[in-house]
Amino acid sequence: MRQNIIVVVRTRDEAHRIGEFCANYWDADKILVADGGSVDNTIEIAEAFPNVEVQNYTKRVELQNGYWRNNDSDHANFLFSWAYSLYPDWIIYDDCDCFPNSLLKQDYRRILSETDKDFVLAVRLYLWGTYHHFPYMAKPEASHVNYEPSLWAWRGNIDFWTVNVPPAYTFRIGNLPVKDLHYDANTLDLFPPYCLLHKSWDDLERVEKKIKYYRESGFISEMGHPLDFAGPLEPLPSWAVE
């Protein structure tokens, strides 16, 4: 029996990414987009896909120097609640600038239908430009040898939510805080050649704008440049293709 897979994503002025994101999940049963106040054509692009639904998320957090943002945790929980109301077998959650590589895109329905685990974690490669990435970000141990997968999908009957801990958030299952999904939940870890491609640093002009926003808004006032904190660069592996 075909499983009901729902993909959820937060947006705000993501016209440069939302089309690519939706195209990478073209065979999901639904893609739920919670838009936090876009003034570009993010919503128009998203709604052009037949499996996409969009709702507006209106809560704002005022920051310094006239900047504002959506509350990340509440924005995510808004999406999760919406997804749970549709009785999915699986929920996939990611940022708008992160997509499955070609092999994961090809196999993810089979993987989710065959596993007996409750959560699926996958390795993210953090891109710099188009052809390079920061391997230490995907291998955060001191030795930088082992890939470390992180949250990507979970069963729709799991009572799973975020917990607001600015500037980021943590998770809970029911009322129990999650310190590490590997210890607190039943997980399937996906390793290369399966991976996710995180493109938050592939447009160098946007990198500078993002750093400026974090610093001037005070949200992360000490925000550094990825070339200074993310470790050495390496060419993308051959399997890291869309």
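In the predicted model, strand E2 (residues 30–35) and strand E3 (residues 52–56) pair in the parallel sense over 5 bridges, where pairing requires that DSSP find at least two bridges between two strands, and where helices (H or I, at least four residues) and strands (E, at least two) are DSSP runs numbered from the N terminus. Within this pairing, Val52 in E3 is the bridge partner of Ile31. Together with helix H2 (residues 42–47), strands E2 and E3 make a right-handed β-α-β unit; a crossover is termed right-handed if, with the strands pointing away from the viewer, the path from the first strand over the helix to the second runs clockwise. Residues are numbered from 1 along each chain as its sequence is written, and side-chain values use heavy atoms, with hydrogens and water left out. Because the model is predicted, local features need pLDDT of at least 70 and side-chain atom pairs count only at pLDDT 80 or more, whereas totals for chains, interfaces and linings use all residues.

Strands E2 and E3 belong to an open sheet of 7 strands, in the order E3-E2-E1-E6-E11-E8-E15, with mixed pairing. Strands E3 and E15 (187–190) stand at the edges and each has a single partner strand, so one side of each is left without a neighbour in the sheet. From one strand to the next the twist averages 25 degrees, with axes taken as lines fitted to C-alpha atoms, for helices over the stretch in contact, and with angles running from 0 to 180 degrees between N-to-C directions. Elsewhere in the order, strand E8 (residues 119–122) and strand E11 (residues 150–155) pair in the antiparallel sense over 4 bridges, and Val120 stands opposite Ala153 in E11.

The structure holds 21 aromatic pairs, a pair being counted if the ring centres of Phe, Tyr and Trp (its six-membered ring) lie within 6.5 Å, with planes under 30 degrees apart classed as stacked, over 60 as edge-to-face and the rest as tilted. One of these pairs is formed by Phe21 and Tyr25, which are tilted at 55 degrees between the planes and 5.3 Å centre to centre. Phe21 is buried, with a relative accessible area of 0%, and Tyr25 also counts as buried, at 0% relative accessibility; buried means under 20% relative accessible area, exposed over 50%, and partly exposed in between (1.4 Å probe, protein chains only). Phe119 and Phe160 form an edge-to-face pair, 5.0 Å centre to centre with 70 degrees between the planes. This pair links distant parts of the chain, with Phe119 in strand E8 and Phe160 in strand E12 (residues 160–165), 41 residues apart. Phe119 counts as buried at 1% relative accessibility, as does Phe160 at 0%. Phe119 and Phe160 are members of one aromatic cluster, which is formed by Phe80, Tyr93, Phe119, Trp154, Phe160, Tyr169 and Phe171.

Charged side chains also lie over aromatic rings, a placement that requires NZ of Lys or CZ of Arg within 6 Å of the ring centre and within 35 degrees of the ring normal. The charged end of Arg12 sits over the ring of Trp68 at 3.6 Å from its centre, and Lys139 lies over the face of Tyr147 at 4.6 Å from the ring centre.

Among the helical residues, Gly19 is found in helix H1 (residues 18–24) and is buried, with a relative accessible area of 18%. Gly19 and Glu44 are 25 residues apart in sequence and 9.8 Å apart in space, C-alpha to C-alpha.
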